[in-house]
Amino acid sequence: MEMQNRFSQYFKESFTSDFKAGFITAIVALPLAIAFAIASGVEPQMGLYTAVIAGMLVSATGGSRYSITGPTGAMTVIILSTLHSFGLEGLFLAGFLAGGFQILFGILKLGKVVKYIPLPVISGFTSGIGAIILIGQVPNALGLIIPSKEHVWETLHVVISSLDLIDSTAILICITTILMLLYLPGLMSGARYINSLPPSIVALTLSVIMVFYLKMEIPLVGSIPAGLPQIQMLNFNLELFRAVLPAALTIALLGAIEALLCAVVCDGMTNSKHDSNKELVGQGIANMALPFFSAIPCTAAIARSAVNIREGAKTQISGIIHALILLVILLFLGPVAAFIPKAYLAGVLILVSLRMINITEFRTTMHISKMDTTVLIVTFLLTVLTDLVFAVQMGMFLSIILLFIRLTNVIDIQTMENYDRTKGINATIFADPYLEKNVSVYTINGPFFFGAMNVFESKINEHMSISKPHIILRMRYVPFIDTTGIERLKTFIKASRKQHQRVYLTSIQPEVMKRMESDLELTELMEKQHVHICDSTQEALAFLKKENDNPQNRI
């Protein structure tokens, strides 16, 4: 009875909105699914298979209420690269493994970690992929029949050598499509009954009518086979498995990044909150299922998700409705694709690619940081000019280097002479001649890790030339310490002991203390009082004053 009431309530409150949003989103997704399939170097129906199956599975199992999943521009480049390197069998296996990686990411709760990849790396990838798509669509825009190439320079070389075959009709259709996509929304916004009609469908309809009635001889998509794909088994050959593993990881990472970015955008538009780990599992389930239906890897699409929200979606059912409508189109309207000009699809993808190349982000990054600018440009160039798997690997490496440099720049070790002599610790030290003469205090600011060692070494060398017998290291502002930091700390304590100097560690954070106590040698140094642990620097100074007043306690 409760289930019946829930269904009744849903149909009363949300179904109409979800149906409208799902229908419009499907109409927008139709040309994109075909276009991205062709740009990926596979048959156009494979794009529709992906949109139908992924759209349904992720909407049912994912963690974002409004995200729409299917083939996307970000995935086309890695799909094309994998296809050229390993064929369809390799692509399907890579997609399956990528889905496994994404499920593992979700199970290990790495959803939030993926979002911490620096913006310059993500912008570089996205813009680079946009540039590749843009160059890859030049042949279709010019009416040239050229197979998809893996590298942009190969495409440009073939285009330049085929300039005498350019078709002016194709160019006209491409330019008209772009202009309609740009200006129709504004022109139709005041019209009562057609303001929700997607401009891409208007442009598609006009293109198909022109081709059909004017008998235009330009490159066309070709008829799409009606019906569902046959279920197929994958080739789990061990050698192929090893070969496609890097590509699979790249597909998984790119898909995860775009899916989570899409979910964040949806949250911002609707004031909702997604479950990032559940979304990764949903994406993984879809990507593991797709290869069995001759479909290509998928991820969430920001543009289609935004349409879904803008048209009033209220629940994840809108995504399932979008998939079902695409399924109806696949089953009954496949032959219409025989009249879709590739120049129209080129216009759609050129606009998509130009929006992926975010000039504003480039300018902002250039004004903010030279370091970020270098990372962005290097990632962009590697994405465009090299293999995308290598570009992703280098991008991740660059993000680690970027983090390392920034953490290193945060490190600072200050002596108390740099602070006001009349306040706090300094007031205690400089009020007592013994403390002023015999104590050096250093404040460590930032993580005490391998990147901080050069700063620490320079300050310690400075101290050794001063040679005061008591060294206080204030660690209040040390958020963590790594193995290198602990090893260097032990070396410093033992060296100081040989010089008849005492080391005091004060105000240690609980997590840092726990990490230090896990080292047996350092624990032994503490127990033998070769290093003194104090809750505060004032406590250490009080201990020294008391010891000085009672000479028999000195060692």
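Entry 1. I started in helix H22, where Lys490 and Glu487 are 3 residues apart and so separated by about one helical turn. The model I am reading is a predicted one. I checked whether the two side chains meet, and they do, in a salt bridge with 2.9 Å from N to O.

Entry 2. I then looked up how each partner stands towards the surface. Is Lys490 buried or exposed? Lys490 counts as buried because its relative accessibility is 4%, and the cut-off for buried is under 20%. Glu487 has 37% relative accessibility and therefore counts as partly exposed.

Entry 3. Which other residue does Lys490 form a salt bridge with? I found Glu521, with the closest N and O atoms 3.1 Å apart. This pair links distant parts of the chain, since Lys490 belongs to helix H22 and Glu521 to helix H24 (residues 520-527), 31 residues apart. I noted Glu521 as partly exposed, because its relative accessibility is 33%.

Entry 4. I looked up one more charged pair, Lys528 and Glu524, which form a salt bridge with 2.9 Å between the closest N and O atoms. How many salt bridges does the whole structure hold? My search of it gave 6.

Entry 5. I turned to the strands next. Strand E5 (residues 470-477) and E6 run parallel and are joined by 5 bridges. As a landmark I took His470, which stands opposite Arg502 in E6. I traced the chain from E5 through helix H22 (residues 483-498) to E6, and this β-α-β crossover is right-handed. Helix H22, where I began with Lys490 and Glu487, is thus the helix of this crossover.

Entry 6. On to the pairing with strand E7 (residues 531-534), which runs parallel to E6 and is joined to it by 4 bridges. Here I used Tyr504, which stands opposite His532 in E7.

Entry 7. Why is E6 largely enclosed by the rest of the structure? I went through residues 502-506 and found 5 of the 5 buried, so the strand is largely enclosed. In a regular strand the side chains alternate between the two faces of the sheet. I compared E6 with this and noted that Arg502, Tyr504 and Thr506 point one way, while Val503 and Leu505 point the other way. The residues on either side are all buried.

Entry 8. I ended with the aromatic rings and counted 8 aromatic pairs. A pair of aromatic rings is described by the distance of the centres and the angle of the planes. For Phe96 and Phe292 I wrote down 5.9 Å centre to centre and 90 degrees between the planes, an edge-to-face pair. Where do the two residues lie? Phe96 is in helix H4 (residues 73-107) and Phe292 in the loop between helix H12 (276-289) and strand E2 (299-301), so the pair ties together parts that are 196 residues apart in sequence. I also checked burial, and both Phe96 and Phe292 are buried.

Entry 9. Two further ring items. I found Tyr10, Phe15 and Phe19 linked into a cluster by ring pairs. I also found the charged end of Lys215 over the ring of Phe212, 5.4 Å from the ring's centre.

Note on methods: Residues are numbered from 1 along each chain as its sequence is written. This is a predicted model: local features need pLDDT of at least 70, side-chain atom pairs count only at pLDDT 80 or more; totals for chains, interfaces and linings use all residues. Side-chain values use heavy atoms; hydrogens and water are left out. Buried means under 20% relative accessible area, exposed over 50%, partly exposed in between (1.4 Å probe, protein chains only). Two strands pair if DSSP finds at least two bridges between them. A crossover is right-handed if, with the strands pointing away from the viewer, the path from the first strand over the helix to the second runs clockwise. A salt bridge is a side-chain nitrogen of Lys or Arg within 4 Å of a carboxyl oxygen of Asp or Glu. Rings of Phe, Tyr and Trp (its six-membered ring) pair if their centres lie within 6.5 Å; planes under 30 degrees apart count as stacked, over 60 as edge-to-face and the rest as tilted. A charge sits over a ring if NZ of Lys or CZ of Arg is within 6 Å of the ring centre and within 35 degrees of the ring normal.
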